[in-house]
Structures are given as C-alpha cells and as structure tokens.
Amino acid sequence: WAGETEPRVIFRNIVQRPRHKSTGETVTIVGDHDPALLKYFDCTRSGPRSAFDSNVVFQPEQIDHPILITECVCNPVYSRSKMAELLFETYGVRSVAFGVDAVFSYKYNQLHGICEKDGLAICPGFTTTHVIPQVGIMGLDKISLVSAWNFPYVPPTNLFTGLFVDGEPVYKGCCRTNIGGYHITDYLKQLLSLKYPHHMARFTWEKVEDLKMEHCYIAPDYALEAQLFQKGGKEAEDKTRCWQLPWVPLPTEEPPSEEEIARKAAIRERQGQRLREMAEAKRSSRINELENQLHGLEFLLQQLGQVQEEDIPSFLSETGYASKQEIELTLTKVTQSLRKAKGEPKPEQAENEEKADSCTSDKYPLINVPDNMLTPDQLKEKKRQIFLKTTTEGRQRAKQKRVEEELERERKTQQDEERRLENPQLYLEQMHTKYKELYEKIELRKRLKTNGGHTNGSNSGGVGRGERLNAAQRERMRLLTTAAFDRGKGEDTFGAKDEDWQLYKLMGKDNDDDDDGADEDEAELARVSSRLQEIDPTFVPKLEPTASQPTITEVPHVRPLTKEDFQIVLGVERFRCPEILFHPNLVGIDQVGLDEMTGVSIRRLPSKDKALENRLTSSVFMTGGCSLFPGINERLEAGIRMLRPCGSPIKVARALDPVLDAWRGASLYAANSRFHQQTFSRADYYEKGEDWLRRY
C-alpha cells in the first residue's frame, strides 16, 4: 500500500471474540460491531478490546507483511521489542520501521505549504497530548526518526507537542499531558447522565462520541461564555443544541359527547327497568310462597285444635314441630315476612305486645313464678329461660329495626324516583347540591375534631391538646382529672359508694353524640353518591378517607410525559467538556493545558535563541482528532500570545486532514526508494537481539 494517497479500509482498532448463542462457536469481530448482528452472540464474557493501552501497543494482532508502524514518543523498549519478536519470529516479516505519527503529519503538510520547516507540532490525541519541536529540513528521505504507518490508521492517543528545527524533530523539547479525546467523551457522558438520569441507557459511548464531534466547540473565553449561558438570552439560545429522542405521544381521551351521554343514560335506564322487572317477579314469587306457607300453618293450627290432648304429641311428630308454641311463632314470622314483602305497614304496637306476652307466657312458664316456689332444678331452668327470653327479644328488636330501616330506605328511594321523574334536571341539581353540603359538613367536622375551633390551616400547628378535643372528650378528660385529684387528697376510697361507678358510664364513648351524627352523615353521603353514580355518568365521587385509610391532604399528581421530556439539551456542555484540553484540573488532572505546553517545550530547547523561538511560534501545527474542534486554533493562539513577549509572531495552522495525514505522510515515506535503508531487518534482529532497538 506504500505510495497510495488514501487508505483502503478504515475501522476502529478493536477486537471482540463472542460466542454464538445456538452453536457455541467462538467468532472474531474486528472493528465497529453491528448491534443487529451481535444479538445472536453472547458478549457477556468477551468485551471489545483494543491493541493499545493508552497509546502503547500491548496486544499486537497478526500482520503478515513488511510494515511501517507508528508508536508514541519515547515508546517503551519492552513494547517495541515484543512487537519485533512477534513480527520476526512468528510471521517472518522481512523488515520493520518504527516512527511517530505527528512527525509524518507535519512533513506531509509541510509539502503542501501548511507549515514551515521550523515549528511546533501539537498532537492532541485520544488519551494524551504531545508537543514536538521541528528544526531544519534535510529532505523527506533523510528523516532521522521514521514516522509510522499502522494499517488501518488509528488516531494518536496522546496530547503531543513537539519542536521542528530545520525540519528535524527535537525530541529533547517534547512534552506530554495525559489528557485527550477519551477524557472529553467521558466527561460529556458523565454530565449528560447526571442531567438526564432517566435516559442513561441512551448515552452509549459511540453516541456520546458522535455528539462530541458534532456539537462541541472551544470557547474563545471560557468565563465569558459561561456567563453568557448563565444570563440566558437570544445568543445563548442560538448556541444551544437539542437532541430529540424517539417519542410517541399518548392518545388523548376526548370527553364524551352529549349523544354518547344520552346513549349511555338510555342503556342504563333499560338495564334498571330490566332489574326492576326481575325484582318484581322475584317479589311476586316470594309473596306467593309465603301466602302458601301461611295458609298451611293456619290449617295446621285448626287441625291441632280438633285433636285430642293425648294425641297431640303423635300429631306434632308427623308435622315436624315440637309444640304448638313453635307453630305459632313460625306463623308470626311468616306473617311479618309477608307484610314486609307486600310493603304493608307494621301492626299496632299493643297487638304485637299482646301476642308477644302470650307467646312468652307459653314458651317461658317459669319466668313469673316466685323463686321460693321452685326446686333447685327449676331455678336453673328459670335462669336459662330468662337468658333465652332476653336474647330472643334483643334479636327481635334488632331485626325489627333492620326491617324498619329497610322500609325507610325503600320509601326514600321511591320518593326520590318520583321526584326525578317529575323534573330530572332539577332533581340532578338538588342531588349535587346535597352531596356538596354533606361532603363539606363531614370535612368541617373532621377539621374541628383535629384542630379544635381553629379552621384556618395556618394555625393548626399551634393548637393544644385540649383544643383538639370535642365536647364529649373534654368531659371525659374532666372526670378523669377530678377523680385523680380527689384520690390524691387522702385515703383511696373510690368504689366504696355506688355513685362512684357511675363515672364509667359517664366516660363511655357511647355518649358521644357527635360520632352518631357523623355516622349518619357519612351514610347519607354514601347513599347520595351511589344515587348520583346511577343517574349521572359524568359524576366522579371525591376520595373519602376510611378508618383504615388516613386523611389525604394532597393527592399526588403525575404529569404525563411530553415531547420535551425526551429532548437532550446541550448548552454549557458544548464548550465545558473540550475546555479540559486547556484546563485539565476540571476533571482532576493536575497538569498543564494545551497552550502552556508550548511554553514548556520552547523552554526545553538547548539554546535560547529569540529568533528561533519566533520562527517556532509563527508555525504552530495542529494534528490529531481533537484539533477538529471549532475554535481551537483561535483559542490556542490567544493562549500562546499570553505567554510570549508582546509583538511575537504567532500563527496556528491545522492539518489538511488531522486524522489521516499521518498515514499519508507514512505512505509517501514508505514509497521512497531509500525507505529500506531506514528499516530494521530480520537478520539484524537475530544477530543483535532486542537490545539493539534501544539505539534505533
């Protein structure tokens, strides 16, 4: 390939050896990998590896031809000797030459008039930066240090500065800083990950590298540029770049139209009518069943009245009842159930009491008998009958109360339905108003119970214990305090009198009328809410706290994601990241920047010649991947001007192609007829060994 003007193949110098998921075969992938291809391979145990550790080759791959290979300035002899050992002993290479890429890039651009014979070569690479002085010129075929060709060419990994005097590199004046494009990419990746933690998976190394090369620039004055973005304005907005991530808007739910609401209401009305018809049919069937059962019980009582006294036990055994009282009790229950099913009003209280008394006297005959007339066994039976009577009466009262409540609810529901049918719109407004009043009343009661008389939320924090209690609770607290005070006066005589035990009744929570009112209001609120959900499809009940659920003062609101949430905005990051080339301390590297390296390199010259220094600064040559940042030439020129005396000539030029000019310079050199005189042959290697490479 020597003498060619362009490289045939360009790819990243990385190698990966994953294993196929189905066959288990290990394959070798060289260069950039395709994500669509790697989904078939297991890459967990084999990541991509480079042949370079920083800018030193430590994992050389197979090269089966005579080569001209690059290396960094002051490359370790161990790296050079291992490379020669691999090339000569494994692959039988005839000859090999080593060189520095920045030198060939300088010489190639010198042929095109970009730089002079005396100058400074600055090479900001991937991980470090070097400066090389170039002095004098002896012709391209007389370069003392062969520059390199590594096919395919990899951009240098150093920030490299050198002096060229009379066309020759002065390596005693070289200097290096451990900062380069790798640190810029890593710094940008960290800043974006901190700024957008929800999109960290998007910030892959390759994507951040593309963002760096596409959007980053060198600020003429870092402090002024930062102040510009801090103040904002039109100029800062123009310099801001936005990267839009893939985003699909959520489907918007439109409110239902009037036709849709009317259609749903009609469907709900039909469903309600069907349910009412089913309920009516079930009610009619239940009434018929109870009437048949009632007639059967009445007929049974009539037959029982005609049976002789001695035949009653055998007659009852056939019917399944134990006594006549049980039949009458069942008859009473069936009668009550029938009246309830028909919706008839309850019988008079006196009539009920009379029947209850008759049933009680028959079922519990020992209750009204004096104790002195009973035997011990009868006394036990009397106690049992008293207990059964009390329990039965309590159950009947509770059942009667439930029946009355059920009838009352049905009456209210029927009245509400009649009002709704008369004027649906007015009825709906009244129900909404009632729901609002009940809800506010319950909330006010809860605030008063929590904060006492202070309804203002700002004063709730200073309310004392006594102010937070309602009237019943304050009364219980007073009784406790009084009892404790009286008890402490002298001898403890509490409980000696019967009235002392009335204290427990007074302290009972059942006397809290406020709680009863709250329960009634909450039940009514639940009924109104349920009714509104039936007749109004747009009604949404408010969140009501329960006993197990604490009061929610603020409902968290989750904002739906928008297009702006998937935008990566690059503002100060555009110039903040490449600024580490001039201020490495921004990322914790305590070394000099790019502009100060030129002063260090000039001070290392053997002779202090002002004319030579002016010639060097008048031809400052930039090569390497990081020299592609916009504004780097102007910033470097301003930085060197700060270091040099007033009036010193300063000119900064960039290579025609900072990435591939070193390859082109090496290609020209390898095509020269005297190239083989500058190489190290296999015979020399076997004769003189690896130590000879130190003097090469």
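I shall begin with the chain as a whole, and then turn to its helices and to a few individual residues.

Please keep in mind throughout that this is a predicted model. The protein chain contains 22 helices and 18 strands. Of its 696 residues, 35% are buried. The accessible surface amounts to about 42,500 Å², and carbon and sulfur atoms account for 52% of that surface. As for how the chain folds back on itself, consider the contacts between residues at least 6 apart in sequence: 74% of them join residues at least 24 apart.

Let me turn to helix α3, which covers residues 101–111. How many of its eleven residues are buried? Ten of them are, and the helix is accordingly described as mostly covered. The buried set consists of Asp-101, Ala-102, Val-103, Phe-104, Ser-105, Tyr-106, Lys-107, Tyr-108, Asn-109 and Gln-110. I would draw your attention to Asp-101 and Lys-107, which belong to this buried set. After the helix comes Gly-113, with a positive phi near 80°.

Helix α3 has a partner in α21, which covers residues 661–670. In general, a pair of packed helices is described by the angle and the distance between their axes. Here the axes come within 7 Å and cross at roughly 80°, and the two helices are therefore roughly perpendicular to each other. From α3, the contact involves Asp-101, Phe-104, Ser-105, Tyr-108, Asn-109 and Leu-111. From α21, it involves Asp-661, Ala-662, Arg-664, Gly-665, Ala-666, Leu-668 and Tyr-669. By class, the residues of this contact are seven nonpolar, three polar and three charged.

A second pair is formed by α4, residues 181–195, and α5, residues 205–215. Their axes come within 9 Å and cross at roughly 105°. How are these two helices oriented, parallel or perpendicular to each other? They are roughly perpendicular, because a crossing angle of 65 to 115 degrees is counted in that way. On the α4 side we find Gly-181, Tyr-182, Ile-184, Thr-185, Asp-186, Leu-188, Lys-189 and Leu-192. They meet Trp-205, Val-208, Glu-209, Leu-211 and Lys-212 of α5. This contact has seven nonpolar, two polar and four charged residues.

Next, helix α8, which runs over residues 258–306. With 49 residues at 1.5 Å a residue, α8 should span 72 Å, and the 71 Å between its end C-alpha atoms agrees with that expectation. Which of its residues are buried? They are Gly-272, Ile-287, Leu-290, Leu-294, Leu-297, Leu-300, Leu-301 and Leu-304. An α-helix has 3.6 residues a turn, so residues three or four places apart point the same way. The buried residues of α8 pack against α9, residues 312–319, and α10, residues 324–342.

I shall close with three individual residues.

Val-93 sits in the loop between α2 and β9. Its relative accessibility is 2%, so Val-93 counts as buried. In sequence, Val-93 and Arg-682 are 589 residues apart, yet their C-alpha atoms are 7.0 Å apart in space.

His-130 belongs to strand β10, residues 119–135. With a relative accessibility of 3%, His-130 also counts as buried. Cys-174 is 44 residues from His-130 in sequence, and the C-alpha to C-alpha distance between them is 6.8 Å.

Leu-628 is found in the loop between β16 and α20. Is this residue buried or partly exposed? Leu-628 counts as partly exposed, because its relative accessibility is 36%. Beyond its neighbours within four places in sequence, Leu-628 is in contact with Met-213, Arg-654, Pro-658 and Val-659. For one of these, Arg-654, the separation from Leu-628 is 26 residues in sequence and 8.4 Å between C-alpha atoms.

Thank you for your attention.

How values were computed
Residues numbered from 1 in each chain as written. Predicted model: local features only at pLDDT ≥ 70, side-chain atom pairs only at ≥ 80, totals over all residues. Heavy atoms only, no water. Axes fitted to C-alpha atoms, helices over the stretch in contact; angles between N-to-C directions. Helix = DSSP H or I, 4+ residues; strand = E, 2+ residues; numbered from the N terminus. Parallel < 35°, antiparallel > 145°, perpendicular 65-115°, else oblique. Contact = heavy atoms within 4.5 Å. Nonpolar A, V, L, I, M, F, W, Y, C, P; charged D, E, K, R; others polar. Buried < 20%, exposed > 50% of the residue type's maximum accessible area, 1.4 Å probe, protein only. Expected span 1.5 Å × (residues − 1). Areas by Shrake-Rupley, 256 points an atom, 1.4 Å probe, with all protein chains shown as cover.
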